[in-house]
Amino acid sequence: MQRAALAVLVALIVSWCGVCLAAPLVRNGGMDGQVADHSEGKGLLLTPPDWTPVNISTDRGDRLSVEQSDREGGGQCLRVKTFGSDAGVYQTLAPLEEGMTYLVSAWVKRVSGDIGLVVYPAAWGPAVMRHVDGVSQGWLRITVGLTPIDGGGHLYLVAAPKAEFLIDDVEVRVAPLRVGALTPKPYDLSNRWL
C-alpha cells in the first residue's frame with residue numbers, strides 16, 4: 001500500500017515538473033523580431049523585443065546589434081561588443097519560486113574577452129548566479145543552475161569587463177526532478193525494546 005502511494009506521489013511530481021518544463025520563462029530568448037533602437041536613432045544599441053541595454057550611453061563605444069546567426073539552425077542572434085564593464089542586455093524574470101532550482105542556458109559564441117551570465121534577485125543585492133566564460137571558442141551551450149532567493153530575478157548577459165560575443169536561444173526552465181529506483185535498506189531489529 002505504501003509503495004503504491006509513493007508511486008502515485010512520484011508520478012504526480014514528475015507530471016507537475018513536466019508541465020513546468022514545457023514553458024520557458026524567458027521572453028524572446030531566440031532574439032527574434034523587429035529591433036528597437038536605444039541610441040536615439042543612431043543605430044548603435046539595437047536589441048530584439050523584450051531585451052533592454054544595460055548601459056545606454058553611446059560615448060563608451062558599446063555596440064548592440066541583431067544579426068543572422070552563423071550557428072547551424074540558428075535564426076537571429078544578438079551581437080554584443082563592449083568597451084566597458086557590465087555592458088550588454090538584461091531582462092526581468094518573474095515569477096520564480098524561492099528555493100526551487102532552475103536551469104539558465106544560452107548558446108554563446110565568444111569572439112573576445114569574458115562573457116557573463118548573471119542573475120540578481122528581484123529585490124536586487126548580490127548576484128544569486130554568476131557564470132563567466134573567457135576561454136570558449138565557437139558556439140557553445142552554457143547551462144548554469146539558479147536557486148532564487150525571492151520571487152524573481154534579473155537576468156544579465158554582459159561583458160565582464162569587456163568583450164565581443166554573440167548570444168542566442170536563452171532559456172530559463174525548472175530543473176528536472178530525478179528520481180532513482182527505490183532500494184530497500186536493511187534494518188537492524190536486534191536492539192528493539194520489547
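How many aromatic pairs does the structure hold? The structure, which is a predicted model, holds four aromatic pairs, and by the rule applied here the count of salt bridges comes to nine.

- Leaving aside residues up to four places away in sequence, W51 touches V26, R27, N28, G29, M31, H38, V89, Y90, Q91, L155, L157 and V170.
- As general background, nonpolar side chains in soluble globular proteins tend to be buried together.

**Aromatic pairs and a charge over a ring**

- The rings of Y120 and Y156 form an edge-to-face pair, because their centres are 5.3 Å apart and their planes stand at 85°, which is over the 60 degrees required for that class.
- Since Y120 lies in strand β7 and Y156 in strand β10, this pair ties together parts that are 36 residues apart in sequence, and both Y120 and Y156 are buried.
- W124 and Y156 also form an edge-to-face pair, with 6.3 Å from centre to centre and 75° between the planes; W124 lies in the loop between β7 and β8 (129–133) and Y156 in strand β10, so parts that are 32 residues apart in sequence are tied together.
- Y156 counts as buried because its relative accessibility is 13%, whereas W124 is partly exposed, with a relative accessible area of 43%.
- Y90, Y120, W124 and Y156 form one aromatic cluster.
- Elsewhere, the charged end of R71 sits over the ring of W139, 5.6 Å from the centre of that ring.

- In general, side chains of opposite charge can pair when their charged atoms come close.
- R79 and E164 meet through their side chains in a salt bridge with an N to O distance of 2.7 Å, linking strand β5, which holds R79, to strand β10, which holds E164, across 85 residues.
- R79 is partly exposed at 23% relative accessibility, E164 is buried with a relative accessible area of 14%, and E67, R79 and E164 are linked in a network of salt bridges.
- R27 and D50 form a salt bridge whose closest N and O atoms are 3.9 Å apart; R27 lies in the loop between α1 (2–22) and β1 (36–37) and D50 in the loop between β2 (46–47) and β3 (52–53), so parts 23 residues apart in sequence are tied together.
- R27 is partly exposed, with a relative accessible area of 39%, and D50 is partly exposed, with a relative accessible area of 40%.

**Surroundings of T143**

- T143 is found in strand β9 (residues 139–146) and, at 48% relative accessibility, counts as partly exposed.
- Not counting residues up to four places away in sequence, T143 touches L103, V104 and S105, and the C-alpha atoms of T143 and S105 are separated by 4.1 Å although these residues are 38 residues apart along the chain.

Note on methods: Residues numbered from 1 in each chain as written. Predicted model: local features only at pLDDT ≥ 70, side-chain atom pairs only at ≥ 80, totals over all residues. Heavy atoms only, no water. Helix = DSSP H or I, 4+ residues; strand = E, 2+ residues; numbered from the N terminus. Buried < 20%, exposed > 50% of the residue type's maximum accessible area, 1.4 Å probe, protein only. Contact = heavy atoms within 4.5 Å. Phe/Tyr/Trp six-rings, centres within 6.5 Å; stacked < 30°, edge-to-face > 60°. Lys NZ or Arg CZ within 6 Å of the ring centre and 35° of its normal. Salt bridge = Lys/Arg side-chain N within 4 Å of Asp/Glu carboxyl O.
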